[in-house]
Amino acid sequence: MRAVYSIADNIISPLGKTTGENFQSLQKDKTGIRKFESGAMSPQPFHAALFESAANEELYPLGKPGYSLFERIMIHSVREALSQTNIDATSSRVIFIISSTKGNIAMIEKGDKYDHNEVSLAHSAKQVAGWFENPNEPVVVSNACISGVLGVLTAKRLIEANVYDVAVVTGADVITKFILSGFQSFQAVSPEPCRPFDASRQGVTLGEGAATMIIATDAFAGDEAIEIMGGATSNDANHISGPSRDGAPLFDAIQRSFDEAGVRSDDIGFISAHGTATIYNDEMEAKAISLAGMETVPVNSLKGYYGHTLGAAGLIESVITLESLRQNFVIPTKGFETLGVSKNINVCGAGTPKQMKYALKTASGFGGCNAAMVFGKTS
């Protein structure tokens with residue numbers, strides 16, 4: 001079976017327009033989350049990590065009309081990532097994979113003044129792949145908040161099967177009144193910036209952004225490439241919005257990822273957790289980490305910096321995981337002070353230099369979906 005690597009990447013977020021800018025912001029403990037007063041998006045104040053002037057049609061311009069902000073940020077992200085490679089995006093051996101949960105859902109807030117076809121994720125996927133003149137029908141991955149990680153796993157499987165040599169995996173979500181009101185209806189939105197795994201956590205903080213990973217065979221891998229060694233998914237079959245109470249399904253995905261990667265729990269340098277700062281998600285993840293025998297392994301959640309970026313979260317956090325491996329530095333969990341889960345996991349409260357070769361990324365989402373992925377340095 002062919003080895004598969006991430007050979008280039010990008011993040012566009014309120015913290016920066018490149019992976020480097022984003023990682024430097026995290027190392028400086030800079031967060032994209034700020035307080036927004038009541039207005040068109042919400043009748044009450046809320047915290048979120050949003051782009052400046054997100055309603056501005058000129059934000060991330062393309063020089064052509066007819067592209068939504070959601071599509072524009074993905075195109076900009078892909079363009080920057082591709083610029084780091086010699087990949088020919090017009091090749092039939094290159095596939096585009098788009099990950100998102102809501103896509104162009106902002107269009108429905110225009111009332112009847114929108115094209116219903118343009119709301120579909122398939123339309124946006126074709127907009128993105130078409131910009132780069134890719135000849136293949138793009139793949140859409142939309143499975144709640146594991147979408148980004150599942151997009152990477154889908155790319156890995158397609159390349160291993162020799163269907164393609166390269167996959168451009170990009171994902172994004174943009175926060176709208178529709179999305180925010182949905183989380184508010186659950187009473188899941190924190191009145192302060194979120195605090196993953198902390199005893200005083202009060203819920204989720206939302207965010208928006210885009211990320212891209214260029215995934216390919218070893219023929220394209222350079223010195224900075226990180227191998228995508230193993231991955232798996234599972235489902236809790238518990239509740240539409242409430243995760244498993246014992247963490248066993250996520251543990252199953254973690255263990256199958258380890259088996260495919262050929263690693264053990266004590267090989268893992270750190271865990272990039274989903275860490276939404278909700279009571280049940282953090283508790284479930286802590287139990288899964290404990291079941292996997294990794295209570296002493298450093299754990300972080302990036303939600304205190306980016307907020308929960310929905311379908312983009314798994315990609316943004318995976319790209320930061322890769323950069324953490326390259327720089328041997330574990331980003332802290334912003335907002336964390338006192339452990340608030342039943343298992344004694346090792347949540348990073350401060351940036352930690354650490355020599356390491358392997359890292360684990362986990363994700364979970366509505367409907368009980370879980371995903372896990374092991375990344376490893378090639379040298």
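Mentor: Two strands are taken to pair if DSSP finds at least two bridges between them, and in this predicted model two bridges join strand S3 (residues 46-49) to S7, the two strands running parallel. Within that pairing, alanine 48 stands opposite leucine 206 in S7. The open sheet to which they belong has three strands in the order S2-S3-S7, with mixed pairing. Strand S2 (34-36) and strand S7 (206-207) stand at the edges with a single partner strand each, so one side of each is left without a neighbour in the sheet.

Turning to the helices, the 13 residues of helix H7 (residues 279-291) should span 18 Å at 1.5 Å a residue, which agrees with the 19 Å between its end C-alpha atoms. The buried residues of H7 include Asn281, Asp282, Glu283, Met284 and Ile289, and the buried residues of this helix pack against helix H6 (248-261) and against strands S10 (268-272), S11 (298-300), S15 (358-365) and S16 (369-377). After H7 comes glycine 293, whose phi is positive, near 75 degrees.

Helix H2 (residues 69-82) and helix H3 (residues 121-131) have axes that come within 10 Å and cross at roughly 35 degrees, and this crossing of H2 and H3 is right-handed. On the H2 side, Phe70, Glu71, Met74, Ile75 and Arg79 meet Leu121, His123, Ser124, Gln127, Val128 and Trp131 of H3; the residues of this contact divide into six nonpolar, three polar and two charged.

Conventions
Residues are numbered from 1 along each chain as its sequence is written. This is a predicted model: local features need pLDDT of at least 70, side-chain atom pairs count only at pLDDT 80 or more; totals for chains, interfaces and linings use all residues. Side-chain values use heavy atoms; hydrogens and water are left out. Helices (H or I, at least four residues) and strands (E, at least two) are DSSP runs, numbered from the N terminus. The expected span of a helix is 1.5 Å times one less than its number of residues. Buried means under 20% relative accessible area, exposed over 50%, partly exposed in between (1.4 Å probe, protein chains only). Contact means heavy atoms within 4.5 Å. Axes are lines fitted to C-alpha atoms, for helices over the stretch in contact, and angles run from 0 to 180 degrees between N-to-C directions. A crossing is left-handed if the near helix is turned anticlockwise from the far one by less than a right angle, and right-handed if clockwise. Ala, Val, Leu, Ile, Met, Phe, Trp, Tyr, Cys and Pro count as nonpolar, Asp, Glu, Lys and Arg as charged, and the others, Gly among them, as polar.
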